[in-house]
Every structure is written in structure tokens, then in C-alpha cells.
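Please have a look at the model first.

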Amino acid sequence: TSIVGAMPFLLIGIGVNQMFIVVHAFRHTRPEWTVEKRIHDTLADSAVSITITSLTEILAFLIGAVTFFRSVYAFCLFTGFAVLFAFCLEITFFAGCMAYEARREAANRHAMTMQVVLPKSLSDDKSRLYKAFCVGGVKYKDQVVDELKEHLGSYLARKYYGPFIMKKVVKTTVVVLFLCYLGVSIYGCMQVEQGLDDQRLVRDDSVVAGYLMKLRDDFSLYTDRVSLMTTRPTDYWDPIVQAALNRDIQRVVDTRYVGSPAIVTWWLDDYLR
């Protein structure tokens, strides 16, 4: 269905988010460590986070698959298994790629050309252009690792956001705003009406969409039709049985649940005519 076509874009967002978590943990390892230790510490720090988020996302989509709407069922089922495969690739294929990245950093090679480059501490006599594109890494032999600066996002979070969010006034404001949000959400859920527009389940350019639009515009006076049937063998050829069935149908027509007798169709009457 067309709704499943949106699944790859959703999966890209989920996968990239998990990649950021893993890369962030990788950047907090020491570059002078061995490749095995860097990958070990990276996964030890990030695997728990991406495992929990992946399991909750898979569970949410599989719960959404328990529905009688085939389009929603297909979307949730496809996306749930796609998140599972993405998680497996994160801890296998992407972890292997990070191992190659750790080997590249250990050899102090350029990220693009893969050529050995000078660390910043040994490039004072080079031009600014050379320093901008052809310099990086650290002096591993001398264990000089101070050249690796803290990431700007981490610095801002540690220096400004952390102390700000820990203020008593800010914490109180956050709790009050959350309670207001929770109250509005509960009220909104209580106001949601049950039902679903059938036109939202089909493509706008499909024949069914045009039919549903005509049905809504020209035949919206009456609601959905109800079919009556019998499960026992019936001798429709018998006039006595026909009269009994007509009386049963007339009793239904006389109720307040039928909009108009004109909309009632009885196949036996049409056949006899």
C-alpha cells in the first residue's frame, strides 16, 4: 500500500538516531587504546540504549499491527521487522565499520585520502590551507592526546544547559509544564470521536476515492446499509415462507432505525417482479 512507502524514511530517522548514539560513545574513547578496547567500550556504553529503544519501537509497531485495517497492519508489520533488521545491522555491520575507523585513526591516516598525515602539534611550519585539510590526529608514540578537543555540543550541554536545568525554578517550571501537557493530552483523548473516514485509506487518484466522494456528497442522508440474512435452510419457493419473510422484513422497516422504506431492498421482491 501507499502508506508502506513512507516506511523507509521513518527507518532512516530511527537508524541515524541510533548511529549518532554509537558514534558519540565511540568519540568518548581514548584514541591511544587498542581497536578491540575502543569497540568494546563503545558498544558497552551505547548498546544498552539502542537495544532498549529498538525493543520499544518494535513492540509499539507490532501492537499497531493488531488491527483490522489492512493498510495499517501492513505498515506496522513491515516497519517493526525493519527496525529489528536495522538494530542487527547497527551492532554488526556498523560496529565493523567503526573498527576500520579506529584502525584508521590508530595509523593517523586522512579520512578521505587514507594517507598518513601530521598531527597538529608537528605542523606549525605548514600553511593554513595545509593545516585545514591535511593535518589531524595525535602523537600516539608520545601519548599526546590533549589535542582532541571536546565536542561543541557536549561542551554547551556541560557548561550551560546542565547548570541551567538543575536550577530549582527551572525544575519547578518543567514539572508544571509537564502536568499541564498531561492534563491537555488526557482531555484531548477524551474528546476524540470513534471512527475513520474510508477516503483516507485509499489513494486520492483511485476510482474508490471518487466513489466515496460521490457517496458522501450525494448519498450522505442515510448511513451505512445493514444486511439481514437467515442461517437455516429456507424454502423460498413456498408462498407461506415468502409471506413470513415479508412480515419479518416489514417489522424491521417499521422500526425507528430505518431511515425510509424506500431504501429497503428485498431480493425476493425483485426476483418475483
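By buried I mean a relative accessible area under 20%, by exposed over 50%, and by partly exposed anything in between, computed with a 1.4 Å probe on protein chains only. On that scale W266, at 14% relative accessibility, counts as buried.

What we have here is a predicted model, in which local features need pLDDT of at least 70 and side-chain atom pairs count only at pLDDT 80 or more, while totals for chains, interfaces and linings use all residues. Residues are numbered from 1 along each chain as its sequence is written, and side-chain values use heavy atoms, with hydrogens and water left out.

Let me stay with the aromatic residues. Rings of Phe, Tyr and Trp (for Trp, its six-membered ring) pair if their centres lie within 6.5 Å, and planes under 30 degrees apart count as stacked, over 60 as edge-to-face and the rest as tilted. The whole structure holds three aromatic pairs. One of them joins Y236 and W267 edge-to-face, at 5.2 Å centre to centre with 65° between the planes. Y236 sits in the loop between α7 and α8, whereas W267 belongs to helix α9, 31 residues apart; helices here are DSSP runs of H or I with at least four residues, numbered from the N terminus. Y236 is partly exposed at 28%, and W267 is partly exposed at 46%. W267 also pairs edge-to-face with W266, at 5.8 Å and 65°, and Y236, W266 and W267 form one aromatic cluster.

Now to the charged residues. A salt bridge is a side-chain nitrogen of Lys or Arg within 4 Å of a carboxyl oxygen of Asp or Glu, and a search of the whole structure finds five.

How exposed or buried are its members? R38 counts as buried at 2%, as does E105 at 10%, while R27, at 45%, is partly exposed.

Key: Helices (H or I, at least four residues) and strands (E, at least two) are DSSP runs, numbered from the N terminus.
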